[in-house]
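Hello,

Here is the structure we talked about, together with some notes on what turned up in it. Have a look at it first, and then read on with the viewer open.

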Amino acid sequence: MAPRRTTLTQFLVEQQRSARAIKPELRLLIEVVARACKAIAVNVGKGALAGILGSNDTENVQGEVQKKLDVISNEILMEANEWGGHLAGMASEEMETFHEIPNRYPKGEYLLLFDPLDGSSNIDVNVSIGTIFSVLKSSDELGPVTEKSFLLPGTQQVAAGYAVYGPTTLLVLTVGTGVHCFTLDREMGSWVLTQSNMRIPEDTKEFAINMSNMRHWDPPVKRYIDELLLGETGPRGKNFNMRWVASMVADVHRIMTRGGVFMYPNDQRPTHRAGHLRLMYEANPMSLIVEQAGGAASTGSERILDVRPSKLHQRVSVFLGSKNEVDRIAAYHAEATK
Ligand code: AFP
């Protein structure tokens with residue numbers, strides 16, 4: 001008899017019933033998002049067979065060319081979430097402004113933000129990509145939802161997660177009681193708990209950064225990376241390995257699994273002075289997950305989760321992963337300002 005596995009539904013009922021960590025509406029929200037990620041995984045898996053690779057010949061609010069799967073994934077998440085009565089509104093990397101729940105549906109108290117398909121540049125070369133989502137509670141009990149309703153710091157997230165569409169399809173989730181990993185049983189179509197309470201080692205020998213941007217980095221970043229590259233002959237006294245998938249979900253999942261430090265710093269380029277990654281639906285959800293697993297997440301000058309948002313699509317500098325490395329990077333930034 002195969003060992004009895006815990007499904008996502010059982011896990012969420014447990015979190016609602018005994019851990020009292022979530023309300024029924026939040027349980028419904030997460031189940032709906034998880035089901036949407038299964039639908040995205042099916043489309044990603046079809047690829048060329050369904051003629052859905054390549055460009056959609058449209059641009060998103062970021063001025064980036066949208067891939068067909070970017071648009072499909074966004075539509076799947078929108079359609080799955082607008083009728084359930086659990087949301088006050090949604091926001092997406094792929095949409096200029098937020099999406100209010102149509103009046104024909106009941107509204108709830110949660111705000112859902114997502115990057116429907118992160119790592120789009122990897123779609124056509126068959127490298128792991130994913131979905132990132134963040135859940136906030138709307139503070140506008142009475143008033144209509146506006147863009148300002150979404151501009152809450154990451155500390156106010158009530159849930160966050162990501163799906164990885166890779167050799168296996170994974171859903172990694174936190175509702176504030178640790179980080180838990182579910183693997184999609186493709187035969188049964190169910191998410192099965194395969195790792196509870198993921199922990200990030202405080203030290204590491206592995207770093208992730210796009211080295212081609214080196215000439216643009218600020219001095220603290222250059223100092224930190226130069227020391228890693230000197231290895232055991234330098235001040236760190238040990239050799240480091242480098243990885244860069246260019247899908248944040250894949251790089252972060254590696255760090256969740258075996259430690260490491262992920263960096264996408266802002267740099268001297270006018271287009272990158274604020275950073276590359278988006279705060280509300282990339283950095284914040286990943287930072288909550290990393291902190292819930294004992295890691296750290298910093299802009300270099302402050303905890304990412306403390307950043308007070310001013311714009312829905314604002315970008316931010318990101319250093320996250322093994323705590324002792326992130327703390328060192330923050331210390332180098334502090335020394336540079338003295
Ligand atoms: P795309 O979704 O446009 O491919 O961007 C992915 C991403 O936002 C993040 O997932 C990666 O870590 C990062 O950009 C990769 O950026 P570079 O292509 O500049 O290395």
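First, the ground rules. This is a predicted model, in which local features need pLDDT of at least 70 and side-chain atom pairs count only at pLDDT 80 or more, while totals for chains, interfaces and linings use all residues. Residues are numbered from 1 along each chain as its sequence is written, and side-chain values use heavy atoms, with hydrogens and water left out.

**The ligand site**

The ligand has 15 residues around it, and Asp-118, Asn-210, Trp-244, Met-248 and Tyr-264 come nearest. (A residue is near a molecule if one of its heavy atoms lies within 4 Å of it.) By class, this shell holds 6 nonpolar, 6 polar and 3 charged residues. In that count, Ala, Val, Leu, Ile, Met, Phe, Trp, Tyr, Cys and Pro are nonpolar, Asp, Glu, Lys and Arg are charged, and the others, Gly among them, are polar.

Which parts of the chain build the shell around the ligand? Domain 1 (8–195) and domain 2 (206–336) each give at least three residues; the bounds come from an automatic or database domain assignment. Strand E13 (261–264) and strand E14 (277–278) each supply at least two residues. Helices (H or I, at least four residues) and strands (E, at least two) are DSSP runs, numbered from the N terminus.

The distance is 2.7 Å to an N or O atom in the side chain of Tyr-264, 2.9 Å to a polar side-chain atom of Asn-210, and 3.0 Å to a polar backbone atom of Ser-121. On its own the ligand has 480 Å² of accessible area, and the protein covers 83% of this. Such areas come from the Shrake-Rupley method with a 1.4 Å probe; for residues, only the protein chains shown count as cover.

Two strands pair if DSSP finds at least two bridges between them.

Of its 9 residues, 8 are buried, so E7 is largely enclosed by the rest of the structure. Buried means under 20% relative accessible area, exposed over 50%, and partly exposed in between (1.4 Å probe, protein chains only). E7 runs antiparallel to strand E6 (residues 129–137), with 8 bridges joining them. Ile-129 stands opposite Tyr-165 in E7, and Ser-134 has Ala-160 as its bridge partner. E7 is also antiparallel to strand E8 (residues 169–174), through 6 bridges, and Tyr-162 is partnered there by Val-172. The hairpin from E7 to E8 passes through 3 residues.

**The sheet of 5 strands**

A second open sheet, also with mixed pairing, has the order E12-E11-E13-E17-E15. Its edge strands, E12 (241–242) and E15 (296–298), each pair on one side only. Strand E11 (residues 206–208) runs parallel to E13, with 2 bridges, and Ala-208 stands opposite Phe-262 in E13.

In the loop between E13 and E14 you will find Asp-267. Is Asp-267 buried or exposed? It counts as buried, at 1% relative accessibility. The side chain of Asp-267 makes a polar contact of 2.6 Å with the side chain of Arg-269. (A polar contact is a pair of N or O atoms within 3.5 Å; within protein, one must be able to donate a hydrogen and the other to accept it, and residues adjacent in sequence count only if both atoms are side-chain atoms.)

**Helices and a hairpin**

Helix H7 (residues 279–292) is mostly covered, with 12 of its 14 residues buried; among them are Leu-279, Glu-282 and Asn-284. After H7 comes Gly-294, with a positive phi near 85°. Val-221, in helix H5 (residues 219–230), is buried at a relative accessible area of 3%.

Finally, strands E1 (residues 55–59) and E2 (residues 65–67) run antiparallel, joined by 3 bridges. They form a hairpin with 5 residues between them, and Gly-63 in the turn has a positive phi of about 80°.

Best wishes
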